[in-house]
Structure formats: C-alpha cells, structure tokens
Amino acid sequence: MADTKIFITDCDHANINEEKAVFDKAGIAYKLVQCKTEDDVIANCQGAVAVCNQYAPLTDKVFSAIPTLKTVVRYGVGVDNVDLVAATKHGVQVCNVPDYGTFEVADQALALMMAVTRKVCQANSQVKEGRWDYAEMAPISRLSTITVGIIGLGRIGLAFAHRVHALGCKVIGYDIYTDHVKSNTEYSYITCCSEEEVLKNADVISLHCGLNADNAKMMNAKTFSEMKKGAMLINVARGGLVDEAALADALKSGHLGGAGIDVTCKEPLEADSPLRSAPNIVITPHMAWYSVQAASDLKTKCAEEAVRGVLGEKARCPVNKL
Ligand SMILES: NC(=O)C1=CN([C@@H]2O[C@H](COP(=O)(O)OP(=O)(O)OC[C@H]3O[C@@H](n4cnc5c(N)ncnc54)[C@H](O)[C@@H]3O)[C@@H](O)[C@H]2O)C=CC1
Ligand SMILES: O=C(O)C(=O)[C@H](O)COP(=O)(O)O
C-alpha cells in the first residue's frame, strides 16, 4: 500500500488486534511484515514514517536506506537491538514502552529468587524421583536474615526492592544514578553503595539494568569471585550482562550457590549451553514481562506512540535526545 505510514517490522505475538484498533481509530494505514535482518527491514518497510519493532536490528544501514523514517517504537523496555547513536544521527526518535509490565518483571525476579533460595525446583525433582529428604536441600538460610543486592535501581529494580523488603531482607543497591532513591523517603530502607560493596556483601544479587556497551558481561569470572561464597544471582534484565560460561563455572565449583535467570545471551538457550548442566539454576524463557494484561498494554501503548510519531506529536517515552 503506497500510503502505508506505520510498519510493524516484526512481532512474535499471535495477533495485532490492539494495534489494529489504535491505527484504525487514527485512520493511519499500517502493515505487518516479519523481518529478521537489516536487509528484510530495508526491503519491506520503504516509506515508513514510524515502525513498531521487536527484535529486527535497526542500524545505521537501515536508517540510511529508509529516509522517511522518523519514529521507532520498541515493543518493550530494552532498546538494545536499536543503534541509538545512528538513530540520533539520522533524526529518528526512538521510543520504548517502559510502563507495561514493571510488576510482572519484579514478580518474576522474586519467583526466581524464592525458587533458588528455597530450592523449589530441586525439591520438586527429588520428590518426583521417589525420594523424600529435606536435608538433601541444605543449606537454606532464613530469608529474613539475608542481604539482597540490586544492580539497577530503576522502575523494575525498585519494584523488586519493595518485594524483598516485605520479606524482611536487608536491601542494598547500586545504580549509576542514585539521587532518585536517596531523595525519596519511600526508599529509605535501601542502602545505596558501590558495585564492589554489592558484590561483596549480598547473599543474592539481582540484575535490573539495561544492557549497553559499558556493562556487557559485567558479571564475569572476576565479579563472581568477588561475590560471597554461596551467593546467588538473579537475572531478569538481559542475558548479555552475564558471562554465561563463567556463571556455569562458578555454579559447578560451588562458589555460587544458585542462579535464577529469565534471559540468556542467545535466545532460545543453545542446546550445548553450559548452563544446562549447572547445579541449582532455574531458567525461564524470557517470560518475566508476560501477563495477559501486560501484553495487551504493551501492544496498545506501542501503537499509540507510533501514531503520535506519524502525527508529529510529542513522544510520550523518547529514549534518545534529538
Ligand atoms: N525479562 C523481561 O521480560 C524484561 C526485561 N527487562 C529488562 O529490564 C531492564 C530494566 O528495566 P526498567 O527498570 O524498566 O528500566 P529503567 O530504565 O527504569 O532502569 C534501569 C536502571 O539501570 C541503571 N543502570 C544502567 N546501567 C547501569 C549499570 N551499569 N550499573 C548499574 N545500574 C545501571 C539506570 O541508571 C536505571 O536506573 C530493561 O532495560 C530490560 O533490559 C524489561 C522488561 C521485561
Ligand atoms: O520489555 C522488555 O525489554 C522485554 O524484555 C520484552 O518486553 C520482552 O522481551 P523481548 O521483546 O525483548 O524479547
């Protein structure tokens, strides 16, 4: 369609009913294409003024080849598949949807923390295999006595902080910006400290920062060695924050006591990933964000932001500064 203004570059949801309702109401022509590569996007999204995008890489090459493009809206919070520097250079406004599933992700982090600290999955397997022996699960600490360290005190990190605070855990945290935490009495129970102090003092570390060039593989053999013996790692943020081979080694050596992860470097997890054979690790399939309500909210908010882009209205959630 020649006047198609909005393209959905790719999405893995079963239907685009919410997007359709928003685009039809605005009277804007749209098209769903399922692109995997930069070349797919270039071939299929010519004339786009705005795109809704999930995984397809949006790079300098794409922005150069589609000069009509003014707005990119990511289905989600993380924008690590979009080259923000190139987008800014080409005058493309990149937006995300930061507020569709905050509680779901914090809940999943809590679920993983409970699963690994209480060894729920191991115990479940034991019983199904015909044994009945709580002592096999040792050691387990009383949760209200542990220190939880949060790396990334943004929306999700702070929602997770509330949850573990409610369990009676001591909460410490590190973020590159902490004024919003220190100036808000609602968070007075969080002790802000350095990354090194979090590594050294936490019994459980939960990652809640976005992935960028500066923090890729921030959890690696060196940082794992700085963690307490028996400490546990939770990651519902991005797989690329963790050196997975080093995590598997730290679990196999017994230095780390467990891990709960929802995200991996390659998704789905590779068949030969060393994480598959590591002890006390619980892995979920990048589902932290998901609930029926969050999925619907995400699609509606993403479509509405794309419409604002086409109409030249102010973006609700811009990520880059033009
Ligand atoms: N597993 C899932 O389904 C989902 C995962 N996510 C991931 O969670 C991440 C966080 O989401 P929100 O809390 O909503 O984002 P946010 O932008 O509100 O918070 C991120 C925080 O991380 C901090 N940060 C950045 N780099 C850091 C570093 N190197 N060390 C410490 N702190 C650092 C930022 O200053 C910010 O306060 C997203 O970027 C995304 O990657 C988000 C939604 C769903
Ligand atoms: O919001 C995010 O960021 C997310 O992680 C997603 O919503 C869910 O995952 P992906 O779309 O990044 O697979």
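Lysine 119 sits in the loop between helix H5 (102–117) and H6; helices (H or I, at least four residues) and strands (E, at least two) are DSSP runs, numbered from the N terminus. This is a predicted model, in which local features need pLDDT of at least 70, side-chain atom pairs count only at pLDDT 80 or more, and totals for chains, interfaces and linings use all residues. Residues are numbered from 1 along each chain as its sequence is written.

**Positive phi at two lysines**
- Lysine 119 is not a glycine, yet has a positive phi of about 55 degrees.
- The residue is buried, with a relative accessible area of 8%; buried means under 20% relative accessible area, exposed over 50%, partly exposed in between (1.4 Å probe, protein chains only).
- Lysine 217, also not a glycine, has a positive phi of about 55 degrees.
- Lysine 217 lies in the loop between strand S9 (204–207) and helix H10 (221–226) and is partly exposed, at 40% relative accessible area.

**Cis peptide bonds**
- Alanine 138 is joined to proline 139 by a cis peptide bond, with omega near -5 degrees.
- Proline 139 belongs to the loop between helix H6 (120–128) and strand S6 (147–151).
- The bond from glutamate 267 to proline 268 is cis, with omega near 0 degrees.
- The loop between strand S11 (256–261) and strand S12 (281–283) holds proline 268.

**Annotated domain**
- An unreviewed UniProt entry places "domain: D-isomer specific 2-hydroxyacid dehydrogenase catalytic" at residues 17–320; UniProt positions are given in the numbering used here, feature names are shortened, and annotations may be inferred rather than shown by experiment.
- Over residues 17–320 the chain is 37% helix and 15% strand, with the end C-alpha atoms 29 Å apart.

Terms used
Chains lettered and ligands numbered in written order. Heavy atoms only, no water.
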